Amino acid sequence: MFRLLNRRVLKHGLLLCTSALGTGYLGQYILQKNKVNAASPAFHIPEIWKDDFPSREVQIDKMSKEPEYDIIVIGGGATGCGVAVDAASRGLKVALVEKYDFSSGTSSRSTKLLHGGVRYLQKAIMQFDREQYHMVKEALCERGNLLKIAPHLSGPLPIMLPVYKWYLLPYYYAGIKLYDFVSGRQLLRWSYVISKNKALELFPMLKKEKLVGAIVYYDGQHNDARMNIALAFTAARMGATIANHCAVTDFIHENIVVDNDQGQMQTKKVIRGVKCFDRYQNKEFKIRAKCVVNATGPYTDTVRQLDDPSLPKICQPSAGVHIVLPDYYSPTNMGLLDPNTSDGRVIFFLPWQKHTMAGTTDTTCDVTDYPSPSTEDVDFILGEVKNYLSSDVQVRRGDVLSAWSGIRPLVLNPNKKDTQSIARNHIIHVSDSGLVTIGGGKWTTYRQMAEETVDRCVESAKLNPKRDCITKGLMLTGGEKWTPTSYIRLVQDYGLDTEVAIHLSNTYGDQAYKVADLSSLTGKRWPVVGKRLHEEFPYIEAEISYAIKEYARTAVDILARRTRLSFLNVIAADEALPSIIQIMGQELHWNEQKKKEETDRAKRFLLREMGLNLKRDMRREVTINLTREEMSYYMKYFRQIDVENKGFLTLTDLKRHLQVSKNDVSEAEFRILMGEIDQNQNGIIETEEFLQLMSAIKSGAVSTSHFIKAARIDKIKHNPSPERSGGGI
């Protein structure tokens, strides 16, 4: 019996190894025959390519006065802006309106990957699903194109798949090699197998117990919000009329007479435009068009039912939560894929913008303007991260710098109950009134979706484009003259800090000099120009001025999309907010009431949508769990600061204590210290708040503390010496 079992294991192992090697060699042979390089330059720039674009106010004025557009696009996400680019490149007259800001919804809250979908390929093979296979193949083709047309915003990223059971190594290798093979002409880099030692060398934080090896494959990574904005202004530079912060309130319907199937005349209601409300200027206007496109992502059904309330729903929203951790959680250029989480979902663990991003969850949800990450989702992701990291790395809730939720517009298959089984392919539907709806899809395939949508518009509305689709290989704004060394000229010509110059170059491409031109003097010997919004990040004040030229009209536009500050560190975003409000107020002529409104709106956004409430809740939920010795030690320190024995600390108490300690702290730092401890925001530090902070630091709910460092409070040892325990500080 034992020999028979050994033979079976050997037989299946050899079979798996043979299939893996066969897949690899076959894929290599075919791709070598093709001799293609997916990183080659893009093919062309548009025929109409303006040096600049009109202001937002000019665009809205033009929309309201234009007799008729060919196409109006509702929705300024990746798909909507992609449709605007495609339509404009064909010579059609196109307008686009977005309720909030470009990329304010799902398109800025993605996993930041340009990929075909490894898990979809697995399902396609295991379930013999041709539809999912073609979806992966299409996505891989589009991945290569997007890396070409926006080289400054995207690039290849190696992703490691660690293997902890030897018999899974050939199985995974065969699957990844098939992924290479399906990539065809758009292969980024060859996948490869590495040993346990090499895996730990490339990813030192990885758990080494039972690790047998790993597989490394390549996908694309990008700055999703900036890519979306590049699409919007690519359309604008080609002559499209675009505007953000404009909500569609209703459709303009007209009745026309048509022949029915029996050859009889009948009246038919068709869409001839939309009614809009400019949310920034508080004014209504109308836009007339031959065709209207609904590209609103999760709001697909909301817009469809605005046209016809009887239409059935075709979209199933699903929430995906991501968290951001410090950079030391991952190498600077190596991601991690966990294909088998505790509940079957796939978790990515990726370096992004010098931080580490982990996610995502996949949960059915309701559509909302304010998707919020839950504590349960954050805990789930942290739990999965712990499973793959070394025991030397202490995964703490306090290390979560930011958390956000994005609503995916998945296409619903009524035969399947859970969203994990829904592929993110797309559908295009034309209603009886002529509304063209593009639903589903994902970031990587936005261009193909846009092409098919415009084709359907041309067909259904009988439009007359000047040319066929040319968006494959069509360079996006910023990419035309960009090279990986473009930042050097910014350093040399403007005197920018190198880190800032790299950021500007990789964000704005060959338009980065326009931001540099707006930069103010720092008052230092070096860098000469480029005042930072926050000392920990390379974002500079000039980017706010440039963002206003790119139609940014709220502080949230700056925090979330024109910079990625709120996505990277919600506390830093909160600290940078006053400076942002001040600069925007000057340029947009805000009065004090408007500044307060914008401040309050931004703070609600950070609390509700970027995880600031979770960070505060983590503190509040921490029970005071201190030993008798620790309690005595910290209370003694508290009383030393509270010289008047009030039972609480004020800002004056804190300043006096730090001055006595000869610790020079600025006013801004004082506000940070108070905000860190004063959880109920009443201007004083109560005993309970003080002890809760100490307990939160002990438990890991708070990773570091400005207050602890400034006040020089030592962490009490578990076995203090008699002198230490009795002598205080």
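Here, a residue counts as buried when its relative accessible area is under 20%. That cut-off comes up again and again below, and everything shown is a predicted model.

**Figure 1. Trp404 and Phe567 meet edge-to-face.** This is one of the 15 aromatic pairs counted in the model. The two ring centres sit 4.8 Å apart with the planes at 70 degrees, so the pair is classed as edge-to-face. The partners come from distant parts of the chain: Trp404 belongs to strand β16 (residues 402-411) and Phe567 to helix α17 (residues 565-568), 163 residues apart. Phe567 has a relative accessible area of 1%, so it is buried. Trp404 goes down to 0% and is buried too.

**Figure 2. Phe537 and Tyr539 give a stacked pair.** Here the planes are at 5 degrees and the ring centres are 6.2 Å apart, so this pair goes down as stacked. Are these two residues buried or exposed? Phe537 is buried, and Tyr539 is as well.

**Figure 3. Four aromatic residues gather in one cluster.** The members are Phe53, Phe102, Phe233 and Tyr551.

**Figure 4. Strand β13 is largely enclosed by the rest of the structure.** The strand covers residues 347-352, and six of its six residues are buried, so there is not much of it left in the open.

**Figure 5. β13 pairs with strands β12 and β14.** With β12 (residues 335-338), the pairing is antiparallel and runs over three bridges. If you want a landmark on that side, look for Leu337, which stands opposite Phe348 of β13. With β14 (residues 355-359), the sense is again antiparallel, this time with five bridges. The landmark there is Leu350, facing Met357 of β14. β13 and β14 make a hairpin with two residues between them, and Gln353 in the turn carries a positive phi of about 55 degrees.

**Figure 6. Two lysines sit over tryptophan rings.** Lys112 lies over the face of Trp352, at 4.9 Å from the ring centre.

**Figure 7. Cysteines without a disulfide.** The cut-off used for calling one is 2.5 Å between the sulfurs. For Cys457, the closest cysteine sulfur is in Cys291 at 3.6 Å, which is too far for a bond. Cys457 is buried, with a relative accessible area of 0%. For Cys365, the closest cysteine sulfur is that of Cys315, and 9.4 Å is likewise too far for a bond. Cys365 counts as buried as well, at 18% relative accessibility.

**Figure 8. Pro331 sits in the loop between β11 (315-325) and β12.** At a relative accessible area of 14%, Pro331 is buried. What does Pro331 touch, not counting residues up to four places away in sequence? Leu202, Phe203, Pro204, Met205 and Pro351. As for Met205, it is 126 residues away from Pro331 in sequence, yet their C-alpha atoms are 8.2 Å apart in space.

**Figure 9. Ser183 belongs to helix α6.** The helix takes in residues 168-183. Ser183 is buried, with 6% relative accessible area. Leaving aside its neighbours within four places in sequence, Ser183 is in contact with Leu140 and Arg143.

**Figure 10. The whole protein, for context.** There are 26 helices and 20 strands. Buried residues make up 56% of the 729 residues. Of the contacts with a separation of 6 or more, 73% are between residues 24 or more positions apart. The accessible surface comes to about 33000 Å², and carbon and sulfur atoms account for 52% of that surface.

Methods. Residues numbered from 1 in each chain as written. Predicted model: local features only at pLDDT ≥ 70, side-chain atom pairs only at ≥ 80, totals over all residues. Heavy atoms only, no water. Buried < 20%, exposed > 50% of the residue type's maximum accessible area, 1.4 Å probe, protein only. Helix = DSSP H or I, 4+ residues; strand = E, 2+ residues; numbered from the N terminus. Pairing = 2+ DSSP bridges. Phe/Tyr/Trp six-rings, centres within 6.5 Å; stacked < 30°, edge-to-face > 60°. Lys NZ or Arg CZ within 6 Å of the ring centre and 35° of its normal. Contact = heavy atoms within 4.5 Å. Areas by Shrake-Rupley, 256 points an atom, 1.4 Å probe, with all protein chains shown as cover.
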